[in-house]
Amino acid sequence: MTQYPDTSPGSLFATTITVAGHDGDEIEAYLARPAGESARGGVVVIHHMPGYDRETKEMVRRFAELGYDAICPNLYHREAPGAAPDDASAVSRANGGVPDERLVGDVAGAAAYLRALPAANGKVGVIGHCSGGRQSVLAACRLDLDAAVDCYGAFVVGEVPPGLGIRVTNLLPDLPDLGAPLLGLFGTEDQHPSPEQVAELGRILTEQGKDFEFHSYEDAGHGFFAVNRPGYRVAAANDGWERIAAFFAKYLEG
């Protein structure tokens with residue numbers, strides 16, 4: 001396992017590694033760690049459908065800056081190793097997307113890697129945006145995780161429209177098994193998920209006695225965290241980051 005030297009406070013280290021994913025497959029991942037070896041939690045970042053891109057890696061480094069070991073597995077590594085994010089995403093879409101079982105296995109491998117790091121306190125959270133939001137909920141239903149964040153994940157509930165081009169189902173059968181506190185961040189102008197679907201998910205989780213908190217932002221649609229896309233909304237993204245930081249501090253520290 002790679003060891004990193006201590007250095008001044010606020011420093012961090014970021015590198016590309018390989019981890020054992022689903023079925024033991026070696027897949028590429030992006031790792032960022034704060035300097036020092038004080039005990040800390042870990043965060044698995046699930047990239048959005050556009051891929052394992054620079055903006056997602058910036059999020060990984062931001063979690064390291066917040067004091068966590070953070071990792072993003074490249075979900076498209078098997079189909080398109082070394083490809084540009086857009087090309088890898090296109091190949092994955094053509095193959096029907098990332099199968100749920102494989103996603104869970106890849107997140108499990110990333111979480112195991114974080115828990116084996118020298119400074120790990122044993123707590124791991126997961127976060128995803130867009131398709132990664134749904135996958136974050138899925139992972140929290142099927143794995144032993146300590147916190148989960150869903151940023152506008154589509155098809156957690158609701159019917160999947162025909163002709164979508166990827167093989168995906170809603171997560172209604174999995175939701176009773178949600179085992180981690182869930183933070184959901186949504187836009188009121190989004191249709192995937194729509195405000196009605198967010199409300200439906202909230203009703204289901206309430207009925208099942210789950211620990212969750214949802215926040216919806218006016219004048220924000222899908223992708224409001226994405227700094228390189230037209231849907232970026234500064235106020236919503238800034239408030240969302242503050243809520244994410246507070247949420248992970250509550251459940252991953254100590």
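The largest pocket holds about 830 Å³ of space, in what is a predicted model. Its lining is made up of 45 residues, and those that lie nearest the centre of the largest pocket are H48, M49, H129, C130 and S131.

**Largest pocket**

- Sorted by class, the lining of the largest pocket comprises 22 nonpolar, 15 polar and eight charged residues.
- C130, one of the residues that lie nearest the centre of the largest pocket, is placed in the loop between β5 and α4 (131-142), and its phi is positive, about 60 degrees, although C130 is not a glycine.

**Helix α1**

- Helix α1 covers residues 54-65, and because its twelve residues at 1.5 Å a residue should span 16 Å, the 16 Å found between its end C-alpha atoms agrees with that expectation.
- The buried residues of α1 are E55, T56, M59, V60, F63 and A64, and what covers these buried residues includes the strands β1 (12-20), β2 (26-34), β3 (40-46), β4 (69-73) and β5 (120-129), together with the helix α6 (234-252).
- After α1 comes G67, a residue with a positive phi near 110 degrees.

**Backbone features in the loops**

- As background to the next points, most residues other than glycine have a negative phi, and most peptide bonds are trans.
- D23, a residue other than glycine, has a positive phi near 60 degrees, and its place is in the loop between β1 and β2.
- The relative accessibility of D23 is 69%, and because exposed means over 50%, D23 counts as exposed.
- The peptide bond between H192 and P193 is cis, with omega at about 15 degrees, and P193 lies in the loop between β7 (182-187) and α5 (195-207).

Methods
Residues numbered from 1 in each chain as written. Predicted model: local features only at pLDDT ≥ 70, side-chain atom pairs only at ≥ 80, totals over all residues. Heavy atoms only, no water. Helix = DSSP H or I, 4+ residues; strand = E, 2+ residues; numbered from the N terminus. Expected span 1.5 Å × (residues − 1). Buried < 20%, exposed > 50% of the residue type's maximum accessible area, 1.4 Å probe, protein only. Contact = heavy atoms within 4.5 Å. 1 Å grid on protein atoms, 1.4 Å probe; cavity = no way out; pocket = protein on both sides within 12 Å on 5 of 7 lines; lining within 4 Å. Points joined across faces, edges and corners; volume = space filled by probe spheres on them. Nonpolar A, V, L, I, M, F, W, Y, C, P; charged D, E, K, R; others polar.
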